[in-house]
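Please read these notes with the model open beside them.

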There are 2 protein chains.
Amino acid sequence: MREHTPERDPEFSKASPEALLRELRAILAPDSLITDEELLRPYECDGLSAYRRLPLAVALPEDEAQVVAILAACHRAGVPIVPRGAGTGLSGGAAGIEGALTISFTRMNRILEIDHGNLTVSVQPGVVNADLKAAVAAEGLFYAPDPASYESCTIGGNLATNAGGLCCVKYGVTRDAVLDLEIVTAAGKIVRLGGKNVKDVAGYGLMPLIVGSQGTLALITEATLRLRAAPAPRTTLLAFFPTVDAAGDAVAAMTAGGLVPVTLELMDQFTVRAVDDVHHLGLDRDAAAMLLVESDLPGPAGLAEMEAAEAACQAAGASMVLRAADPVEADWLRQGRRLAYRALEAIGAARMEDIGVPRSRIPEMLRAIGDVAAAHNVTIGTFGHAGDGNLHPTFVVGPGEPEAVALERITAAKAALYEAVLALGGTVTAEHGIGASRQAWLLRQRGEDAVAMMRAIKRALDPDNLLNPGRVLG
Amino acid sequence: MREHTPERDPEFSKASPEALLRELRAILAPDSLITDEELLRPYECDGLSAYRRLPLAVALPEDEAQVVAILAACHRAGVPIVPRGAGTGLSGGAAGIEGALTISFTRMNRILEIDHGNLTVSVQPGVVNADLKAAVAAEGLFYAPDPASYESCTIGGNLATNAGGLCCVKYGVTRDAVLDLEIVTAAGKIVRLGGKNVKDVAGYGLMPLIVGSQGTLALITEATLRLRAAPAPRTTLLAFFPTVDAAGDAVAAMTAGGLVPVTLELMDQFTVRAVDDVHHLGLDRDAAAMLLVESDLPGPAGLAEMEAAEAACQAAGASMVLRAADPVEADWLRQGRRLAYRALEAIGAARMEDIGVPRSRIPEMLRAIGDVAAAHNVTIGTFGHAGDGNLHPTFVVGPGEPEAVALERITAAKAALYEAVLALGGTVTAEHGIGASRQAWLLRQRGEDAVAMMRAIKRALDPDNLLNPGRVLG
C-alpha cells in the first residue's frame, strides 16, 4: 500500500558519496558501516511500510565520539542523516532517505547507571525498552512508559517520538519521564540539557522540545529517566458491553469520576473476535466492545479502585464483568490486548491509525468511526488506550480484496476519519508522530502559524536541514 | 540591596513614546493605560526588589484583541513589552524596563470553563491561582500547582515561570498541568498550541517550550489546565531532628523508599525559630531541623503512607514526631511553613535563593549551606521543598547590620553557594527562574552551547527582540 514516494532531493548528493563512505570507514569499526544493498533493505522503512527508500548507507556507532565524527563528516559532504532506533515507529519517521545516511543507535545500548537514591536510570539510546524495564525491575524499581512494541523498541526511539503506551493514563508519556538528555546538535556540539533535578527552571525547556521532534532537531546520545518504586501486582478486570456507546460511556464516567487506573484499554467487536481467533482467550465474541481495566494500587486501595471501575461499567450497561483470578490470567488477558494489532494483521493487510480525542468525546468518536466505516465501505477494527482518549482504528483489507481498490477507499475513509477527529477537538496522532505520513494534517490541526513557529525553530537549530529532513514538517 | 541596574537601551526609544501612547489610548479603555509616575511605581519591580526600573507605561488589556493591537502598536514604535501577572515573581522577570511597555494581564481574569468530563479548566492568564483552586474545589475538583504566593499570583505568571510550590513532589510543576495554550506571537499572530487531548504528538512540543520562557517567546492569553478529582483531606506529620544531616537523611530515605507524599517540606532551626516567634506554633526551637510530611491518600493508604514516613524519620534519628490532631491543626502547621519567608523578613532584609539538587544530595547540600554561612559570616535560614530537592536558603540581614557590608558578604556567599550547588549536579533555580538575576549562572550551569540553542530559538520566535528583552538570556 505505497502511497507516497518522496522525490530524491538533488541537494543530497552534491559531494561524492564514496568520499564520505571512506571517511565513515575510518571512523567506525569494520562491521559498523553497512553499504551492501541487501543488508540495507531492513533500513528502507520503519513499522509504516508505505514509506520506504534505500539509504546511502547505515552507520552503527558505538559511542558518542563516533556520532560526533559521523555528523561532522556528513556536514562536510552535505549528506543528511536519518537517526533510527529499532525501526518499530509507525509514522515513517525512521524510513530511509535516498542519498542520506541512516544512523542506527542499536549498538549504543548500555544501561549506564541505576540510581536508587534519586530513582533514576541513565542509558544510551539503543537500550530496548523491555531490557530497561527488566533491569530496573530486578532492583525493585519501575520504568513506566511501555509502548506496545516495548519488547523491541529502543529508548532513543521512544524519546524521538515521545512514545506512549498502555499505562500513560496513570504515569504519563515518555516526555514526562525524562530528566536529562545528552544530545549532539546539528553543529556537532555535545550538549547536556538537564540533570537529576526533579525541578529545574534554568533557561528554556529545550528537553521537552527535543523529545518528540523525531530526530529533526538533534541526535540523542544519552538519557536519564525517572523511575518509581515497583507498584503492587496488578488486578485486572474485563467488561463486555452490548454497544460501543455503552463502553464509551463507561470510559467517560471513569474519567469524570476521577479514577486513574493504570490501564484502561478498549477493543471493539471486530478486534475482540480477531484476538480470540488467534489466541483463544474465550472472550465474549457477541459483545460490541470490551474494556480492560487494571489497578496497581496495593491492597484495599486496589480493591476499591476495581470496585469503582466495575460500578462504572455496570452503570453504563455492561453485559458481563469479570476479574482475572490471578496474575497469570491477568497477564494472559493483557497480552491479548497487546497483540490486537497483530491479530488484525492476521486477517489481511492492516493499517493502524492513531487518533486522540478529549476523553469525554470517546462515545462520539466511536460512533464516528462506525459511520466512516459504513459510508466508505471499509472494515475498521478499533482498539486503544481509551483512558487517554487515544484510539487505534485499524483499516483491515481482507485477503480477497484487490489492493488498489481497497487503498482508494481507505484513503477517502482516512480523510473522513481525520475530519471527524478534528471536529471533536482531537489530534491526528496521539503517540505515533507526524513523521513522513501526516504532514498535511499537521497543518490542518495546528494551523499555519503554529507550523511556521515549528519551521522557525527547525531552521534555528538545524540551518542546513541535515537532521531527518522532510520529516515532521515536510 | 540593588546590585544590578540595566542600562537604558537607546533602541527602545527610537520613536516618540507620545505617538505610541496615543495609539494605546485608542486601543484601551480610559482607565486601562497608566502613565502617571506615581501609579507606575508598583510596576517598577516584581518580588525581587533589587531589579527596578520605571516602565514607559502600563497597559491593562481586557481581551485578546487588545493584546494583539497593543503588540502591533509596540512593534511599529519599536517599543519592547514586559508581560506581567501579579508581580510576585522572584527573579526580576516582570520588573519594568525603561522605555518599555508593561502589559499587566490582571484584568483578563475570567475562568472560562470547568469541564468535568475531561477534568480541565480553561482560564484567562490573570486568574489568581487561589481563585482557580477555589472555583474548581467548589465543584469537587483539584488544581495541583500551588506556589507559596498562590493567594496573589496569577496563572499567567505561573505559566511564564513554570512555577512550582508545595505539592510538586506528588503532582508535578505547572508545565505538567498544561494541556492547551493560546498565545500571541511576537508577529502578532494568535496561535493555539494544544487542546484537551491528554496525549498529542502532532508536531514539536511548542507548549512546554513556551511554559517557563518568562514572556520572552510569546504572550499567553489563555490556558487549559488539567484537574484531578479532589483528593482526601490531608493527614499531617511534623518531625524534629537533632541535626540537619538527620533531616536530610530522612528525606533521602523517603525518596529512595518510593514514598510520594503530597508535601515534604523542610525548615532549619533558624527558620523554625523565626516562624515560631511570629506565629507561636509551639515548635521545637531546640531542633536543628523540622520536616512537614503530608499524605492525601484516602483511609488506610494514607495511614500507611504516614506510618512509612514516620518510620523513615525515626530511623534517621528524629527527636520527636507528631501528627496533627485534626485538619484545623494541620492547616495551622502548613500555614507556618508557607509563612517561613515572611517570618524571616520580619527579622530584617531577607534574600531568598532557589537552589535545587538531586534528592540524594540533600544532606550534602545542607552541610554545604552551613559551611558557606560560616565561611562568609552570613546568616542563612533554610526552608523548602525537600521532597523535590528544592531548597530556599535565605540570607537574612539583621536590622543593626550596615547594608553595604552585608551585601558584599552576601554576594560572595551566594557565589560560593551556587558553586556548591553545581558541584552537586544541582540547579541555581528550581522554580523561580533566571529572569533578570541569574543569567551569568545560567551560562555556568547549562554551558555556552545550550545557551546558544536558547538564543537561536529566541531569535527565531522574536527576531526584533520585542518580548521581555534581556530576560532569561540577557
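1. Domains. Chain A splits into domain 1 (10-105), domain 2 (111-229) and domain 3 (235-423). These bounds come from an automatic or database domain assignment. The centres of domain 1 and domain 3 of chain A, taken over C-alpha atoms, are 38 Å apart.

2. Ground rules. This is a predicted model, in which local features need pLDDT of at least 70, side-chain atom pairs count only at pLDDT 80 or more, and totals for chains, interfaces and linings use all residues. Residues are numbered from 1 along each chain as its sequence is written, chains are lettered from A and ligands numbered from 1 in the order in which they are written, and side-chain values use heavy atoms, with hydrogens and water left out.

3. The two copies. How is chain A superposed on chain B? A rotation of 180° does it, with 0.0 Å of shift along its axis and an RMSD of 0.0 Å. The two copies are thus related as by a two-fold rotation axis. The same surface serves both: 100% of the contact residues of chain A recur in chain B. The superposition is by least squares on the C-alpha atoms of residues with pLDDT of at least 70 in both copies. Contact means heavy atoms within 4.5 Å.

4. A:His385. This residue lies in strand 18 (residues 379-385) of chain A. Strands (E, at least two residues) and helices (H or I, at least four) are DSSP runs, numbered from the N terminus. Is A:His385 buried or exposed? A:His385 is buried, at 3% relative accessible area. (Buried means under 20%, exposed over 50%, partly exposed in between, with a 1.4 Å probe and protein chains only.) Leaving aside neighbours within four places in sequence, its contacts include A:Leu264, A:Arg337, A:His392 and, from chain B, B:Lys199. A:Glu431 is also one of these contacts. The side chains of A:His385 and A:Glu431 are joined by a polar contact of 2.9 Å. (A polar contact is a pair of N or O atoms within 3.5 Å; within protein, one must be able to donate a hydrogen and the other to accept it, and residues adjacent in sequence count only if both atoms are side-chain atoms.)

5. Strand 10 of chain B. This strand (residues 219-226) is mostly covered, with 7 of its 8 residues buried. Strand 6 (residues 120-123) of chain B runs antiparallel to strand 10 and is joined to it by 4 bridges. Strand 8 (residues 178-184) of chain B is also antiparallel to strand 10, with 6 bridges. (Two strands pair if DSSP finds at least two bridges between them.) B:Leu225 in strand 10 is the bridge partner of B:Val121, and B:Val178 stands opposite B:Leu225 too.

6. Salt bridges. (The rule is a side-chain nitrogen of Lys or Arg within 4 Å of a carboxyl oxygen of Asp or Glu.) In chain A, A:Arg351 and A:Glu353 form one, with the closest N and O atoms 3.5 Å apart. Both residues are buried.

7. A link across chain B. B:Glu98 and B:Arg53 form a salt bridge, with the closest N and O atoms 2.7 Å apart. B:Glu98 is in the loop between strand 3 (81-84) and strand 4 (101-104), and B:Arg53 in the loop between helix 2 (37-40) and strand 2 (57-59), so the pair ties together parts that are 45 residues apart in sequence. B:Glu98 is partly exposed at 26% relative accessibility. B:Arg53 is partly exposed at 22%.
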